[in-house]
2 protein chains.
Amino acid sequence: MPLSRDKIAATAIRLADAHGLDGLSLRKIAKELGVGPMRLYDYVINKSELLDLMVDVVYARIAEVGQRSEWRATVLAIAHATRAAALDHEWFSDVLGGRPHLGPHALAVGEATAAALSAAPGVRDIDDLQRAVGALNAFIIGAVRREVTERRTARSTGTDEAAWQASLGPYLTRMLKTGRYPTVARLVIDGAHLDAEETFNHNLATVLDGITSRPRT
Amino acid sequence: MPLSRDKIAATAIRLADAHGLDGLSLRKIAKELGVGPMRLYDYVINKSELLDLMVDVVYARIAEVGQRSEWRATVLAIAHATRAAALDHEWFSDVLGGRPHLGPHALAVGEATAAALSAAPGVRDIDDLQRAVGALNAFIIGAVRREVTERRTARSTGTDEAAWQASLGPYLTRMLKTGRYPTVARLVIDGAHLDAEETFNHNLATVLDGITSRPRT
DNA sequence: GTATTTGTGAATACGCCGTACGGTAGTGAG
DNA sequence: CTCACTACCGTACGGCGTATTCACAAATAC
């Protein structure tokens, strides 16, 4: 089988899923494909372009959710698909918002969200639309990043209470014991039980409500 | 002068400001300080800890804005300070949301925002507060990241129309000419004149309004 | 005053990385 | 048969983070 951009991107994604973006190297991808490292440069200009390729593959899956009849259903579907993709491919969240997403599938997703939002109440002219797209994407980017980061630290410290106390605990509990961060302390101690997906949905609804219910520009 | 964590962090920040996070290396920092690379390991465990140090220095400046009397004024001040810090230190936006921010000054900022939001109308119990903090931070992270990324591409392609057309233009205009992305095309062509700061303010207000005006949990 | 310990900072070294470059074998065209 | 061309491969360079080793001066012991 003759090696192609798609195959390279696919194995790159597999490796990145397994070992993270830092653990990803052209040499490992090449080894995985059974070729020399330089072979990849016949299909890809440099590592950055390979990253763009990987990103657009993920966007392709996001774009699959397509268009619903209602604008809000479309936006919700895209947001959920983006979150799901980032949870499937945590490296995706590392790149989210950090570079221009100009691949064809990324543009398709952008088109779908913009088209949906342009049909939302309260979005009257282009300026409204630009702001609405910005607000929605900003929220999605930030929310997904936060959630993935949390998942990672939870995994690295260990999920259970004991390991937590052993790794981050000493420093953090000492910090919180100082009494200088009472509200944060309350949040950490009392509020760890919220479901991540529900929180995402809730806040997404909040943002959408804010967009649609703005009285003036 | 005997070299310290603060001095190391300061020159690291200077170098990162000048050449980006990718252009930052322990060897260059050491050379800038006139010492061997290994000297740094007497003050810092590894590069990741140095990054945490740099991040908390930036948070220290953000925390300086302190507490206003009104909760909304406090939140606005912190959000603006965060944005300003990210525009001063673009590498900061690369890290934003990508790792737990647990330094003392980062915690101080978190405390200030959480305390302010807990006084907002519509934020009744801890769960409300946790969601509100999440929504606000998600927006700030995403918005700042987007803006910095835009600035970078604008700078790398050149600000003027000609350079733009020369670099990203060919691919992007070809894409938009396909007619598959009409809404995006309209946004790119008609809507490039919005002021970034005003957009940030507007969307921040939108999010805050959404938070305060939620009828039910 | 000499010998010995101790600690500080420099030098070297290892295993990675992205990628520039030169070479080789096979293939179709003249 | 020759020749250009393509598809592929190995080697090499400079840089990275960091583990280890080493030189040497200051401090201590006799």
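This is a predicted model: local features need pLDDT of at least 70, side-chain atom pairs count only at pLDDT 80 or more; totals for chains, interfaces and linings use all residues.
Hi everyone, let's start with a pair of helices: the axes of α6(A) and α7(A) come within 10 Å of each other and cross at roughly 125°. Those axes are lines fitted to C-alpha atoms, for helices over the stretch in contact, and the angle, on a scale from 0 to 180 degrees, is taken between N-to-C directions.

Residues are numbered from 1 along each chain as its sequence is written, and chains are lettered from A and ligands numbered from 1 in the order in which they are written.

Back to our pair. With that angle, α6(A) and α7(A) are oblique to each other; angles under 35 degrees count as roughly parallel, over 145 as roughly antiparallel, 65 to 115 as roughly perpendicular, and the rest as oblique. The crossing of α6(A) and α7(A) is right-handed, meaning that the near helix is turned clockwise from the far one by less than a right angle, with anticlockwise being left-handed. Which residues meet here? From α6(A) we have T113(A), A114(A), L117(A) and S118(A), and from α7(A) they meet L129(A), A132(A), V133(A) and L136(A). "In contact" means that two C-beta atoms, placed from the backbone, lie within 7 Å. By class, this contact of α6(A) with α7(A) has 6 nonpolar, 2 polar and no charged residues. For those classes, Ala, Val, Leu, Ile, Met, Phe, Trp, Tyr, Cys and Pro are nonpolar, Asp, Glu, Lys and Arg are charged, and the others, Gly among them, are polar.

Let's step back to the whole of chain A. How many helices and strands are there in chain A? There are 11 helices and 0 strands, where helices (H or I, at least four residues) and strands (E, at least two) are DSSP runs numbered from the N terminus. The C-alpha trace of chain A spans about 60 × 55 × 25 Å along its principal axes. Of its 217 residues, 37% count as buried, which takes 20 or more other C-beta atoms within 10 Å of a residue's own; 12 or fewer make it exposed, anything in between is partly exposed, and C-beta atoms are placed from the backbone. Looking at contacts in chain A between residues at least 6 apart in sequence, 65% join residues at least 24 apart.

Now follow α7(A) to another neighbour. The axes of α7(A) and α11(A) come within 10 Å and cross at roughly 165°, so these two helices are roughly antiparallel to each other. Their crossing is right-handed too. On the α7(A) side you can find A132(A), A135(A), L136(A), F139(A), A143(A) and E147(A), and they meet A196(A), F200(A), N203(A), L204(A), V207(A) and I211(A) of α11(A). That contact of α7(A) with α11(A) divides into 10 nonpolar, 1 polar and 1 charged.

While we are on helix α11 of chain A, click on T206(A), which is found there. Is T206(A) buried or exposed? T206(A) counts as buried because it has 24 C-beta neighbours inside 10 Å.

Next, the partner chain. Here 50 residues of chain A are in contact with 50 residues of chain B. On the side of chain A that touches chain B, α7(A) gives the most, with 18 residues. That side divides into 22 nonpolar, 17 polar and 11 charged residues.

One example of a pairing between the chains is α7(A) with helix α11 (residues 196-212) of chain B: their axes come within 10 Å and cross at roughly 65°. The contact is made by R131(A), G134(A), A135(A) and A138(A) of α7(A), together with T199(B), H202(B), N203(B), T206(B) and V207(B) of α11(B). By class, these are 3 nonpolar, 5 polar and 1 charged.

Finally, the DNA. Which residues come nearest to DNA strand C? Of the 13 residues around DNA strand C, they are S25(A), L26(A), N46(A), K47(A) and M38(B); a residue is near a strand if its C-beta atom, placed from the backbone, lies within 6 Å of it. Helix α2 (residues 26-33) of chain A gives the most to this surface, with 3 residues. Around DNA strand D there are 15 residues, and the closest are M38(A), S25(B), L26(B), N46(B) and K47(B). For DNA strand D, the largest share of the surface, 3 residues, comes from helix α2 (residues 26-33) of chain B.
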